[in-house]
Amino acid sequence: DGNLQWNKTYGGALTETSGDMCLTSDGGYAMSGLTQSFGAGGQDFWLVKADAAGNLLWNQTYGGTSNEYAYHVEQTLDGGYVLLGQTTSFGVGSTDFWLVKTDGSGNMQWNKTYGGTGSDIGINVLQTGDGGYALLGHTSSFGAGSNDAWLIKTDATGNMQWNKTYGGTGSEFGQCLDQSS
């Protein structure tokens, strides 16, 4: 009926922002975003795991000495998590897609960057039927315009298998992603 059942806050003395949330197989929640209170740099990827009542179970940060922001989180088939966003600490451009894969406790298993010399921002990720990942966002490093939608397909360990840009001479941005049959 839309009545508030509970609410929780998570964070420290500085700024934290949530980018996404997903339900987890144990009935709880996983949230991604950024933290300035914790981690290694100005702002880092932040993964928060809560139970069904929103009680904090654990949290992990991922990042370098500059800035990262996790826009999307999804629980993977192995019970871990995959986060996608942008990094200015790693990669070759001003910002690059950053894909982080964790185990079920949030410990990083591997990470990959994707991008060119411009600004490339990963917005959405999903695990595909073959165990790999599809990433969607936008790029100013590749394509026909100032920004184009950018779709990347990887294998199960994040190695790029192919990528495509979509757009014209203006700006296009990829937001939502789903796998078709």
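**Figure 1. Strand S11 is enclosed in this predicted model.** Strand S11 covers residues 148-154. Buried here means under 20% relative accessible area. In S11, 7 of the 7 residues are buried, so the strand is largely enclosed by the rest of the structure. S11 has pairing partners in S10 and in S12.

**Figure 2. Four strands make an open sheet.** The order is S9-S10-S11-S12, and the pairing is antiparallel. S9 (120-127) and S12 (160-166) stand at the edges. Each edge strand has a single partner, so one side of each is left without a neighbour in the sheet. From one strand to the next, the twist averages 20°. Strands of a sheet pair through backbone hydrogen bonds.

**Figure 3. S10 pairs with S9 and with S11.** Strand S10 spans residues 133-139. S9 and S10 pair over 7 bridges in the antiparallel sense. In this pairing, Ile121 stands opposite His138 of S10. S10 and S11 also run antiparallel, joined by 7 bridges. Here Gly137 faces Trp150 of S11 as its opposite residue.

**Figure 4. S11 and S12 form a hairpin.** The two strands are antiparallel and pair over 6 bridges. Leu151 has Lys164 in S12 as its bridge partner. Between the strands lie 5 residues. Gly158 sits in the turn, with a positive phi of about 85°.

**Figure 5. S3 and S4 form a hairpin.** S3 holds residues 44-50, and S4 holds residues 56-62. Their antiparallel pairing runs over 6 bridges. Ala50 stands opposite Leu56 of S4. The hairpin has 5 residues between its strands. In the turn, Gly54 has a positive phi of about 85°.

**Figure 6. Thr35 is a buried residue of strand S2.** S2 covers residues 29-35. Thr35 has a relative accessible area of 0%. That value is under 20%, so Thr35 counts as buried. The Thr35 side chain reaches the backbone nitrogen of Phe38 at 3.2 Å.

**Figure 7. Thr35 has contacts beyond its sequence neighbours.** Neighbours within four places in sequence are left aside here. Thr35 is then in contact with Thr15, Glu16, Gly42, Gln43, Asp44, Phe45, Trp46 and Thr61. S3, which takes in residues 44-50, and S4, which takes in residues 56-62, are the paired strands of the hairpin in Figure 5.

Technical notes. Residues numbered from 1 in each chain as written. Predicted model: local features only at pLDDT ≥ 70, side-chain atom pairs only at ≥ 80, totals over all residues. Heavy atoms only, no water. Pairing = 2+ DSSP bridges. Buried < 20%, exposed > 50% of the residue type's maximum accessible area, 1.4 Å probe, protein only. Polar contact = N/O pair within 3.5 Å; in protein donor to acceptor, adjacent residues only side chain to side chain. Contact = heavy atoms within 4.5 Å. Axes fitted to C-alpha atoms, helices over the stretch in contact; angles between N-to-C directions.
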